[in-house]
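Student: Please take a close look at one part of this model, and then relate it to the elements around it. I would like a single connected account, with the cut-offs stated where they are used.

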Amino acid sequence: SPLKQATMASISVARSLARRATVSSSRREFSALLTPIEEFPGLPSTTPTPSKASSASVTALSSGLTVVSEDASTTSTISITYPKGGSADETVEEAGASLINRELSFKTGSGASSALILRAFEDAGATPFSSAGRTGATVGYTAAPDQAIDLVSLLGVECSFEKWDIRDAKSLAGVEIAEANSNAHVVLTESVFAAAFGGQSAMGRPYYSADASASAIESFRTRGYGLNGAVLAATGIADHAAFVAAVEEALSDAPAGNADAPASSTFVGGEARVSAPSTGYAHVALGFAGPTGPLGEVVKQCLSLQGAAGFASSGLVGVYGSSDGAGASGVVDTLCTALTTSVSADIVKRAKGLAKAQALFALDDGSQGLASAMTASVLETGSFSAADVAGAYDAVTDKDVNGAIAAMLKTGPAVAAVGDIAAVPYHGTVASRFS
């Protein structure tokens with residue numbers, strides 16, 4: 001009957017609900033006994049470790065190598081910077097050796113082939129890099145913190161200068177030189193250093209050169225790529241003491257180098273002109289012997305706020321600008337005005353803020369940028385901390401800035417001009433603006 005069918009349906013529903021309740025209860029009881037981590041091993045944490053402020057430590061080793069590390073970065077960059085590995089330390093016969101030796105980074109040496117060295121980086125998920133310039137050279141890599149320490153020994157590989165490696169390095173250097181010579185800003189940079197220090201001086205000779213012989217390349221690397229005086233910077237290192245011990249062991253057979261200080265050059269304040277009328281554009285730079293470090297950066301920002309593009313590099317501070325060929329004389333007037341106009345307290349305040357922000361942003365520009373900033377700080381002051389970096393800019397005063405600019409102008413200008421420069425005044429005319 002309909003009543004009997006309804007009753008049976010109700011009983012069936014009740015039994016089904018009872019079974020579901022039993023299963024649900026059983027599941028709840030099971031979940032209460034096991035945590036999600038126990039039930040699902042390897043489950044990512046829903047409450048990751050909070051970020052913390054970086055803490056840096058510095059240790060000088062008996063080999064002359066200085067080790068600086070910090071503990072907050074989530075990735076590790078480990079680099080060695082050789083202050084005597086730049087072109088400013090080349091002899092006349094070694095011209096181009098700095099660039100070529102940069103291309104020889106991670107090549108065959110210490111019984112290991114280039115393929116084996118690069119495969120070791122690849123297996124660890126690391127990215128090697130190298131750089132060089134006038135005042136130093138750097139080799140390093142970026143990797144996960146748990147892989148970083150095991151690769152340190154690869155930074156100390158002693159190059160064996162195989163003929164095929166030298167051939168390839170020169171070829172790569174040639175490509176880079178061709179690219180540099182086609183870039184007006186790079187040519188202007190080379191020219192202002194030649195004008196400032198003399199075209200035949202170590203600092204004034206072109207960095208972009210590949211004329212060095214195999215023996216000159218080897219002699220330069222032996223002298224410039226030694227641990228004595230170098231700085232090893234590492235980010236994302238939890239235990240500084242253990243890391244230092246590992247570095248000492250890993251680099252025990254690395255070239256020692258010598259205790260000689262990096263080469264120094266004398267500012268002469270001359271002129272360099274590269275004429276290329278077909279470009280239709282003129283690029284002009286005026287450089288002076290100026291301050292380095294935070295004061296140099298603040299002066300650079302002051303000059304930029306005065307209406308010109310400022311620059312500061314390797315003790316050379318100045319301004320540059322560009323225009324079409326016909327307006328080149330006007331560009332020189334603008335640059336001279338920016339240099340000779342008195343710097344107000346408001347300009348100094350703004351410049352300090354800009355320079356300080358730029359320095360602090362560099363600390364947050366990835367682990368490689370942080371390692372570079374740590375190295376620069378250790379080379380200049382012997383220590384590193386973010387607070388000290390900020391404090392160095394805060395300590396710059398109006399008197400410091402105006403005194404530095406006045407001292408700069410007394411040295412006389414180095415004048416560099418590239419492109420359609422027929423309308424660019426010669427050195428004597430420009431120098432008279434500052435006498």
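**Phe161, then the wider fold**

Tutor: Phe161 sits in the loop that runs between helix H5 (145–148) and H6; helices (H or I, at least four residues) and strands (E, at least two) are DSSP runs numbered from the N terminus. The model is predicted, with local features requiring pLDDT of at least 70 and side-chain atom pairs pLDDT 80 or more, while totals for chains, interfaces and linings use all residues. Residues are numbered from 1 along each chain as its sequence is written, and side-chain values use heavy atoms, without hydrogens or water.

The backbone of Phe161 has a positive phi of about 55°, although this residue is not a glycine. Most residues other than glycine have a negative phi. Phe161 has a relative accessible area of 14% and is therefore buried (buried is under 20%, exposed over 50%, partly exposed in between, with a 1.4 Å probe and protein chains only). Ser314 belongs to the loop between strand E9 (309–313) and strand E10 (316–324), and its 33% relative accessibility makes it partly exposed.

A nonpolar core is a set of buried Ala, Val, Leu, Ile, Met, Phe, Trp, Tyr and Cys residues joined through side-chain atoms within 4.5 Å. The largest one has 48 residues, and those touching the most other members are Leu65, Ile78, Tyr141, Leu232, Phe243, Val247 and Leu251. At least two of its residues come from each of strand E3 (76–82), helix H3 (97–103), helix H4 (114–123), strand E5 (137–143), helix H6 (163–181), helix H8 (214–224), strand E6 (231–234) and helix H9 (240–250). Another core, of 47 residues, lies apart from it and includes Val68, Leu286, Val317 and Val415.

With neighbours within four places in sequence set aside, Leu251 is in contact (heavy atoms within 4.5 Å) with Leu65, Ile80, Val152, Ser153, Leu155, Gly156, Leu227 and Leu232. Across the protein, 80% of the contacts with a separation of 6 or more join residues 24 or more positions apart.

Leu118 lies in helix H4 and is partly exposed because its relative accessibility is 41%. Not counting residues up to four places away in sequence, Leu118 touches Phe106 and Pro128. Lys107 is 11 residues from Leu118 along the chain, and their C-alpha atoms are separated by 8.7 Å.

H10 has 13 residues (293–305), and at 1.5 Å a residue it should span 18 Å, so the 19 Å between its end C-alpha atoms agrees; the expected span is 1.5 Å times one less than the number of residues. Its buried residues are Gly293, Pro294, Gly296, Val298, Val299, Lys300, Gln301, Cys302 and Leu303. Among these, Lys300 counts as buried because its relative accessibility is 15%. Outside four places in sequence, Lys300 contacts Gly310, Phe311, Ala312 and Gln358. Just after H10, Gly307 has a positive phi of about 115°.

H10 packs on helix H15 (residues 398–410) at an angle of about 80°, with the axes 10 Å apart. Axes are lines fitted to C-alpha atoms, for helices over the stretch in contact, and angles between N-to-C directions run from 0 to 180 degrees. H10 is therefore roughly perpendicular to H15 (65 to 115 degrees; under 35 is roughly parallel, over 145 roughly antiparallel, the rest oblique). On the H10 side, Leu295, Val298, Val299 and Cys302 meet Asp400, Val401, Ala404, Ile405 and Met408 of H15. The residues of this contact divide into 8 nonpolar, no polar and 1 charged; Ala, Val, Leu, Ile, Met, Phe, Trp, Tyr, Cys and Pro count as nonpolar, Asp, Glu, Lys and Arg as charged, and the others, Gly among them, as polar.

Ala406 is also in helix H15, and a relative accessible area of 37% makes it partly exposed. Ala406 and Phe434, 28 residues apart in sequence, have C-alpha atoms 9.9 Å apart.

Tyr281 belongs to strand E8 (residues 281–289) and is partly exposed at 39% relative accessibility. Its C-alpha is 5.0 Å from that of Gly325, which is 44 residues away along the chain. With neighbours within four places in sequence left aside, Tyr281 contacts Ser322, Ser323, Asp324, Gly325, Val418, Gly419 and Asp420.

For the protein as a whole, there are 16 helices and 11 strands, and 43% of its 435 residues count as buried.
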